[in-house]
Amino acid sequence: AATSTTWTYIDGDWYEGNPAIIGPRSHAMWLGSTVFDGGRWFEGVSPDLDLHAARVNNSANNLGMKATMRTEEIIGLTWDGLKKFDGKTAVYIRPMYWAEDGGYMGVPADPETTRFCLCLYESPMIPSSGFSVGVSSFRRPSLETAVTNAKAGSLYPNNGRMIMEAKARGFDNALVLDMLGNVAETGSSNIFMVKDGEVFTPAANGTFLAGITRARSMQLLEDAGYKVREKSLKVQDFMDADEVFSTGNHSKVVPVTKVEDRELQAGPVAKRLRDLYWDWAHSTPKG
Ligand code: PMP
């Protein structure tokens, strides 16, 4: 699986490549008790690394595991591991927890068997001119039907089938609704729209990942004088929008250039936000 330079920390040591660390008896392998987070390093900075470290710990606890690392430890390990890279290519930062054994009747994770690893790998930041989205027939579960308060690996097969369906229809990604029919996110990022100069993003209602890049983007736009509102939004709102863009840690701010049959131009707010994000990112700690 490892096709670019990769370093993984586990149990006190760093290993190059893709060490075999999960066996067939592992609870994670059997029932999917895994959580992860995704941060980024580029141009000397790792924006919001503290929030990614805190979120993976929350995810582990919410899945019934035990966050065995302090957030400061995850941050320190990340900066240590980053020294192993060439300092040029952007790096993806993926802390993970999983369970080795099950608890009562084997089904829940046994928190005492929680394990941690930190996987870092080169993943260039490729500027994207935009992507298209088609409305998915699959929906986001709510907290009553899935562990939506964790960034759990087990949530992602749903996203996978959404993206495959969208691709089969000729789109790049899916526009995903929640169980009430409101727009939630894309298959892999959060979504924003602009109408008459105001910026809107779906109201966080626990069904989708209210991302770290989403929160940072809202704050940067507000500080720059934009009016930003969280709101319940329908597909029609996006069809009628002046501009649509997405946010996520991997590619940051990317324009959406098509929603179903509605073509859109990459707009000024996404461009401005990208600049605001880059300026702010370079003001964060360098290590
Ligand atoms: N939604 C989904 C389904 C995601 O996988 C991601 C990427 N982690 C996001 C939203 C964006 O979240 P963040 O900005 O925290 O990376």
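Me: At what angle do helix 5 and helix 7 pack?
Reply: This is a predicted model, in which local features need pLDDT of at least 70, side-chain atom pairs count only at pLDDT 80 or more, and totals for chains, interfaces and linings use all residues. Residues are numbered from 1 along each chain as its sequence is written. Helices (H or I, at least four residues) and strands (E, at least two) are DSSP runs numbered from the N terminus, and axes are lines fitted to C-alpha atoms, for helices over the stretch in contact, with angles from 0 to 180 degrees between N-to-C directions. Helix 5 (residues 212-223) and helix 7 (residues 268-281) have axes 10 Å apart and pack at about 100 degrees.

Me: Which residues of helix 7 make the contact with helix 5?
Reply: Contact requires C-beta atoms, placed from the backbone, within 7 Å. Helix 5 supplies Ser217, Leu220 and Leu221, while helix 7 supplies Leu273, Leu276, Tyr277 and Trp280.

Me: Which element gives the largest share of the shell around the ligand?
Reply: The ligand is surrounded by 14 residues, each with its C-beta atom, placed from the backbone, within 6 Å. Two or more residues come from helix 5 and from strand 13 (243-248). The largest share, three residues, belongs to helix 5.

Me: What pLDDT does the chain average?
Reply: pLDDT is the predictor's confidence in each residue, from 0 to 100. Of the residues, 99% score at least 70, and the chain average is 97.

Terms used. Contact = placed C-beta atoms within 7 Å.
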